[in-house]
Amino acid sequence: MEQGTLLVALGILFLAGLALDAVGRIVHIPRVTLLILLGALLGPPVLDMLPAPLATADGIYADAALTMVAFLLGGSLKPETLRAQGREILVVSLTVVIVSVALVAGGLYLAGVPAALAILLGGISSATAPAATLDVIRQSGSTGRFARNILGIVAIDDAWGLLAFSGALTLAGTMAAAGMLSGAGAGTLAHGAIEVGGAIVLGAAIGLPASYLTGRLKKGEPTLLEALGVVFLCAGLALYFEVSFLLTGMVCGAVVVNLARHHDQPFHEIERIEWPFLLLFFVMAGASLNVSMLEQIGGIGLAYVGLRIVARMIGGLAGGALAGLPPREGALTGLALMPQAGVAIGMALVASERLPQYAPQILAITIASTIIFEIIGPFFTQFAIAKADRDAAVGSSGSAR
């Protein structure tokens with residue numbers, strides 16, 4: 001009976017996803033936002049009609065979906081893209097992370113938040129939402145330089161974010177009660193280094209043989225079984241070794257796309273199967289929303305949201321200036337990087353475990369702000385891509401004259 005109910009629910013959600021995709025194109029609302037709201041409507045926040053396996057945004061669906069996203073983002077770091085835009089991607093992504101951490105932490109501290117808590121929230125603010133950003137770009141159909149830049153930035157900025165968060169966690173630990181947290185600084189730094197370094201090594205270890213072995217049975221591109229096998233290996237081994245499956249998938253994808261010279265379309269098959277997983281992930285994210293969290297964040301949470309929005313804008317402008325981009329494009333880049341999702345919650349869980357005295361505030365602020373940014377963030381991304389494409393079209397028509 002329960003299995004039948006689950007299958008019926010899956011069928012309804014897939015069909016509803018198709019309908020919402022059409023609605024989103026008509027009313028110009030990102031389908032990510034519509035799916036999250038659908039999950040909230042059908043899940044515990046409102047009607048509570050979803051089967052238990054679909055009512056929470058964790059488990060195999062989420063891990064598989066996010067690893068596929070990371071794998072595809074890594075695949076966007078093609079040699080020609082890196083040659084043409086590599087400096088822009090690296091400079092802007094690193095600048096946005098640094099500005100986010102510094103401005104959010106500094107602003108919260110000036111607003112009266114304890115220094116350790118402000119630093120932790122600054123580190124968490126550096127995270128983005130690769131899945132939501134990628135889907136908005138796909139839905140827009142944009143393939144211009146701006147869209148390619150955003151894909152490259154979200155492919156690597158969570159790596160910078162994890163490093164920044166590890167440093168923030170270490171600094172916050174040393175600033176808290178010395179007796180309670182003796183040795184915590186070294187432990188948190190080691191944890192961050194293991195998570196990042198281990199993910200890079202694991203991604204390369206899977207990607208190197210995959211770049212040679214896949215795409216041989218069907219000339220030019222891997223079969224669906226090959227593609228899924230590589231993705232599930234990335235997700236499963238990363239979870240087993242407790243390293244970042246996002247970084248593992250991203251590194252693996254980047255290795256394959258740069259080394260598999262016999263591939264014409266190395267990720268074509270993954271794109272065919274990815275959307276059902278992502279659809280379930282966004283619906284489950286909406287179903288797992290805890291509306292009461294919005295009431296608990298108070299002034300600190302609102303300040304965090306406002307400061308992160310400002311930080312993204314300033315970070316985009318500063319990074320764009322350093323990379324030689326026009327100011328307008330830098331500002332649009334900051335807007336496009338507004339979504340925030342699962343990586344931030346993962347950081348919050350780690351911070352809560354290491355510094356339990358701040359756990360209630362960290363979890364409430366991070367979860368509530370993630371709800372806000374997952375709903376409004378795709379709108380910012382959609383707006384930024386549309387404006388950038390319009391600017392590019394005007395520029396090309398002007399130069400043609």
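Helices here are DSSP runs of H or I with at least four residues, numbered from the N terminus. The model is predicted, so local features need pLDDT of at least 70, side-chain atom pairs count only at pLDDT 80 or more, and totals for chains, interfaces and linings use all residues. Residues are numbered from 1 along each chain as its sequence is written, and side-chain values use heavy atoms, without hydrogens and water.

**Exercise 1.** Locate V46 relative to the helices.

Solution. Look between α2 (31–42) and α3 (60–75): V46 lies in the loop there.

**Exercise 2.** Find the salt bridges of R145 and state which parts of the chain each one links.

Solution.
Step 1. Apply the criterion: a side-chain nitrogen of Lys or Arg within 4 Å of a carboxyl oxygen of Asp or Glu.
Step 2. R145 pairs with E88, with the closest N and O atoms 2.9 Å apart. This joins helix α7 to helix α4 (residues 79–110), across 57 residues.
Step 3. R145 also pairs with E329, at 2.7 Å between the closest N and O atoms. Here helix α7 is linked to helix α14 (residues 327–336), with the partners 184 residues apart.

**Exercise 3.** Classify R145, E88 and E329 as buried, partly exposed or exposed.

Solution.
Step 1. Take the cut-offs for relative accessible area: buried is under 20%, exposed is over 50%, and partly exposed is in between (1.4 Å probe, protein chains only).
Step 2. R145, at 32%, is partly exposed.
Step 3. E88 is buried at 15%, and E329 is buried at 13%.

Technical notes:
Helix = DSSP H or I, 4+ residues; strand = E, 2+ residues; numbered from the N terminus.
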